[in-house]
Amino acid sequence: MHRNERNLYKRECNLCQKNIVSMYARLSPFPVYCPACFYSDKWNPLDFGMEYKEGTPFFGQLKDLYERVPRLSIMNKQSENSDYCNYSYANKNCYLTAGSHYEEDCLYGAYSTKNRDCLDSLWIYESELLYECMFSKNCYRSFFLDHCEDCRDCLFSRDLKGCSDCLFSANLRQKKFCVFNEQKTESEYQKILSDLQLHTFPGLEAAQNLYKTDLPMRFPVRALYLVQCENCEGDMLSNCKNMRQCFYGSDSEDCAYGTQISGTYNSMDIDNIGYDRSERLYQSIGCLGLFDCVACNACWNGSGLRYCQYCFSCKDSFGCVSLQQQDHCILNKKYSEEEYESIRGKIKAEMMSANTWGTFFPPELSPFGYNESVAQDWVPLQKAEAMSKGYKWKEDEKMSDFSKIIDTAALPDSIDDIPDDVLNWGIRCALTKRPYKIVSKELNFYRNMRLPVPRIHPDERHRERKALRNPRKLWNRQCAKCSKEIQTTYQPSRPEIVYCEECYLSTVY
């Protein structure tokens, strides 16, 4: 609830007054600074420091501090022409990507690294010209792939390795010109592909429905994706050891209850931790390069932090926000090492007495509405339900920068018939009725790849991709081939053909 990745707003920087893109809406209670101002010497976060009041609940004091200290508008460093990217690093010419790094000319992606000219992606790596692909790496010019590696010109397929020109296929290795895993000649394959009419919306929609409904029932799936792992419990892990209930992780060891972690050791209850090595973290999110930290949010390259948010290159600080290169601070007030240790001990004792020590920040400290945050991706709630739990809710801000808004029914079916004027229109999402726009780079991509213009909002496309992930939960069921008891993220009631690792590998290889 404390992480907003994709809901961005136009507003002014409260220091330089320039128009900026921010993850905080205009009516946020605290000042918001653009990156240039935030990292400058034009202000000092220590000027907002507060004395800790013994006997007063810590989180209440922290709330008072949060409403005064300026925040960084967007987590986007060393990027070029990528203003609408959040939790991102070293991107170039990207638009509305989140949690992605070293990307170039990519749009509407999430959690991806080192890709070029990719659109509508989720967890892809070192690929080029991909569309609607997930959990794939080193692939080229392909659409609707899931868990594929080293493939090119493949479409609507799952778990291919070293393949090219394959369609509606799964579990193949070093194959070419296959349709539903059946070998075809090149001319047969090209005829089938042409008949699909993928440059039209009806043709692409029909192929997409077949991919989502028929392919999972036709070919077996592996119970878990654990690659080069030892003593690991979870799913979607690679190069890990001694992991318990962890999902979407790599190169990590001795962690428990983590999601989207990389290069992390001896840590528990963590989300979105990665890249620079982190160790001994607890109850933290969105951090990198930390050591021995508890309950931190979006802190980078520090140690000994407790209950800190957006602190960079800091150490030994407690209950701080927006600090840079500081140490021995409490509520943004600097102390000597001896004073710091004394006050820190008092706060910890009072929090332990109140049973709040070791818990994460409470929901009321989040500056975001529930529906703005990534909590909505994992545990979707309607407004009434969220409000009943005491969570905030953000109403949509009206969009007015369109010369006109059209229904999707008014869009030509073929990409060949889409006029340049579409760049000036708002398109009313077929599912939510929320208007969205097509940007120039996006239209060029559709034309070059011979794809129709999508009929639903980018946020809805993102939600549909995320809905294709298996839950972060393990069930017991039997292998469909050998009947051995296995653990899997496929619920027993689901109809997929689920194989244990041994049976899956024997089938594939």
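Here is a friendly set of questions and answers about this predicted model.

User: Before we start, what kind of model is this, and which pLDDT do local features need?
Analyst: Residues are numbered from 1 along each chain as its sequence is written, and side-chain values use heavy atoms, with hydrogens and water left out. The model is predicted: side-chain atom pairs count only at pLDDT 80 or more, totals for chains, interfaces and linings use all residues, and local features need pLDDT of at least 70.

User: How much space lies in the largest cavity?
Analyst: A cavity is a set of points, on a 1 Å grid over the protein atoms alone, where a 1.4 Å probe fits but cannot get out. Grid points are joined across faces, edges and corners, and the volume is the space filled by probe spheres set on the points. The structure holds one cavity of 30 Å³ or more. The space in the largest cavity is about 130 Å³.

User: Which helix gives the largest share of the lining of that cavity?
Analyst: Lining residues have an atom within 4 Å of a point, and they include Glu-5, Arg-6, Asn-371, Asp-459, His-462 and Arg-463. Helices (H or I, at least four residues) and strands (E, at least two) are DSSP runs, numbered from the N terminus. Helix 7 (375-378) and helix 10 (458-467) each supply at least two residues of the lining. The largest share, three residues, comes from helix 10.

User: How many residues of the lining are charged?
Analyst: Asp, Glu, Lys and Arg count as charged; Ala, Val, Leu, Ile, Met, Phe, Trp, Tyr, Cys and Pro as nonpolar; and the others, Gly among them, as polar. By that scheme the lining has one nonpolar residue and five polar ones. The charged residues number six.

User: Turning to aromatic rings, what is the angle between the planes of Tyr-89 and Tyr-102?
Analyst: Rings of Phe, Tyr and Trp (its six-membered ring) pair if their centres lie within 6.5 Å; planes under 30 degrees apart count as stacked, over 60 as edge-to-face and the rest as tilted. The count by this rule is 39 aromatic pairs. Tyr-89 and Tyr-102 form one that is edge-to-face, with 5.6 Å from centre to centre and an angle between the planes of 75°.

User: Where in the chain does Tyr-102 lie, and is Tyr-102 buried, partly exposed or exposed?
Analyst: Tyr-89 is in strand 6 (residues 88-89), and Tyr-102, 13 residues apart from it, is in the loop between strand 6 and strand 7 (122-125). Buried means under 20% relative accessible area, exposed over 50%, and partly exposed in between (1.4 Å probe, protein chains only). Tyr-89 has a relative accessible area of 26%. At 43%, Tyr-102 is partly exposed.

User: Are Tyr-131 and Phe-143 buried or exposed?
Analyst: Tyr-131 and Phe-143 form an edge-to-face pair, 6.3 Å centre to centre with 90° between the planes. The pair links strand 8 (residues 128-131), which holds Tyr-131, to strand 10 (residues 140-146), which holds Phe-143. They belong to one aromatic cluster, whose members include Phe-180, Tyr-211 and Tyr-446. Both Tyr-131 and Phe-143 are buried.

User: Which residue has its charged end over the ring of Phe-180?
Analyst: A charge sits over a ring if NZ of Lys or CZ of Arg is within 6 Å of the ring centre and within 35 degrees of the ring normal. Phe-201 has the charged end of Arg-455 over its ring, 4.3 Å from the centre. Over the ring of Phe-180, 4.0 Å from its centre, sits the charged end of Arg-218.

User: Which residue of strand 28 stands opposite Asp-407?
Analyst: An open sheet of three strands has the order 27-28-29, with mixed pairing. Its edge strands are strand 27 (404-407) and strand 29 (435-436). Strand 27 runs parallel to strand 28 (residues 425-428), joined by four bridges. The residue opposite Asp-407 is Arg-428.

Technical notes. 1 Å grid on protein atoms, 1.4 Å probe; cavity = no way out; pocket = protein on both sides within 12 Å on 5 of 7 lines; lining within 4 Å. Pairing = 2+ DSSP bridges.
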